[in-house]
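Hi there,

Here is the structure I promised to pass on. Have a look first, and my notes on the packing follow below.

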Amino acid sequence: MRAHLVVSTLLLSLSATALAAQRSPDSVRVRSTRTRKLSSRVDGGVDYDDNVFLLPDAKKGDLQAPSASELISQRYALMESPTDVIATLRAAVSLQGDGLGGRDLSITPAVGYESYAQNAERRNVSLSLALAQDLRRDGRIRLRAGFLPTYYARNYLSDAVDVNANGSITSAERRYARGDYSELGVELDYRYRLLRARRSRPLGAFLDIGVGYASRRHDAPFTARDFTGPTAALRLELSPRRGLDFETSYEAAFLDSPIRSQVILLDEPAFGEDLNGNGNATDLNARTVQTVDRSRAEHVIGQAMRVDLGRTDVELSVRYRLRNFTSSQPYDVANNGRRDRRLQLGAELSRRLVKDLRLVTGVRYGSQRLNRRTDLGAEGAVDDYTQLQAQIGLRYTP
């Protein structure tokens, strides 16, 4: 009887303890951290671009007033205007919940759309997906992927027809076709806190290391322009005080292109050879089929400064890109020994209008220079250029 009473008392005590634990504030807090959070962001605006196809200044007027030979060759067909106004829209949804160690895990799919007012063939849709897992010490590991299903770049040389059989190809005897491609990019990055900002020492620092993969596939007949290869990025973020951030970045890409044959135009005296098989070696702009290689290494150095002024954020940036082409094909005059240098400057201002709505404005200027005479081989490649872009839009984050 006494033993039965003891057992009953223990059971009642354990039951009471369990009920008390279920009602305890700590238990409620544990369950509340496991709730999922859904957020979204919508960006819409208008961009202005004064050099959509990255043409040299002297060539911009040819799009709206092409010569008779350019009309025959279709060099600028579908390229309606060197400048354009682009309506942009991007929407993203983020689902946040518990991940490793109970820390936040977020999944963010997004879709973007660009509508060109004058160059309708340039309209495009882009897709992206980001997975981010928070780690201890404010760290983070993130996987991002972006996909562009189809994009019209510009027209490239596809063939040449020696109508008068004189061995030299005139501008009217060239044939150009539209160049479209799809693009895929993937990056995995890891963010690590170097210094934690404190009241006694406001300096905070983060290091971000990323590796990735890039791929671009062109529609026929321009598959020689394809590339694939690894990418890498290193970013150092410094916050010397609240509301002021600096980011120094270095990015690299090592892109391999297939070595394939294509039609190019070469001056025979420069090679001392009969390249078109008509019995002499004196023709200028002779049609010939030769192997090309657009493989290259790219290096980008960037610096950005962000200032939080309360309702207004300001960002200033500069980026410098170096591209070295590695072709060793003897007739590949457009890429053998080619080096590009591009400088980009940018400024962006974001101002909060109401709780969930911000006005975003910005301007960007870019300039590229090659180390040689441009458009060798008459293939329609990107030459020296300058580009000015401006944007204004709204950002809604309900």
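In these notes, contact means heavy atoms within 4.5 Å. Please keep in mind that this is a predicted model.

I began with phenylalanine 222, which sits in the loop between β7 (204-218) and β8 (227-241). Setting aside residues up to four places away in sequence, phenylalanine 222 touches Tyr156, Leu157, Ser158, Ala177, Arg178 and Gly179. Is phenylalanine 222 buried or exposed? Its relative accessibility is 5%, so it counts as buried, the cut-off being under 20%.

The structure has 5 aromatic pairs. In another of them, the ring centres of phenylalanine 53 and tyrosine 152 are 6.2 Å apart and the planes are at 65°, so that pair is edge-to-face. These two residues are 99 apart in the chain, and both are buried. Arginine 178 lies over the face of tyrosine 152, 4.8 Å from the ring centre.

Phe53 turns up again in the largest nonpolar core, which has 15 residues. Phe53, Leu63, Met79, Tyr116, Tyr151 and Tyr181 touch the most other members there. Strand β5 (residues 140-160) gives this core its largest share, 5 residues. A second, separate core of 5 residues includes Leu157, Ala160, Ile169 and Tyr176.

Happy browsing!

Key
Residues are numbered from 1 along each chain as its sequence is written. This is a predicted model: local features need pLDDT of at least 70, side-chain atom pairs count only at pLDDT 80 or more; totals for chains, interfaces and linings use all residues. Side-chain values use heavy atoms; hydrogens and water are left out. A nonpolar core is a set of buried Ala, Val, Leu, Ile, Met, Phe, Trp, Tyr and Cys residues joined through side-chain atoms within 4.5 Å. Buried means under 20% relative accessible area, exposed over 50%, partly exposed in between (1.4 Å probe, protein chains only). Helices (H or I, at least four residues) and strands (E, at least two) are DSSP runs, numbered from the N terminus. Rings of Phe, Tyr and Trp (its six-membered ring) pair if their centres lie within 6.5 Å; planes under 30 degrees apart count as stacked, over 60 as edge-to-face and the rest as tilted. A charge sits over a ring if NZ of Lys or CZ of Arg is within 6 Å of the ring centre and within 35 degrees of the ring normal.
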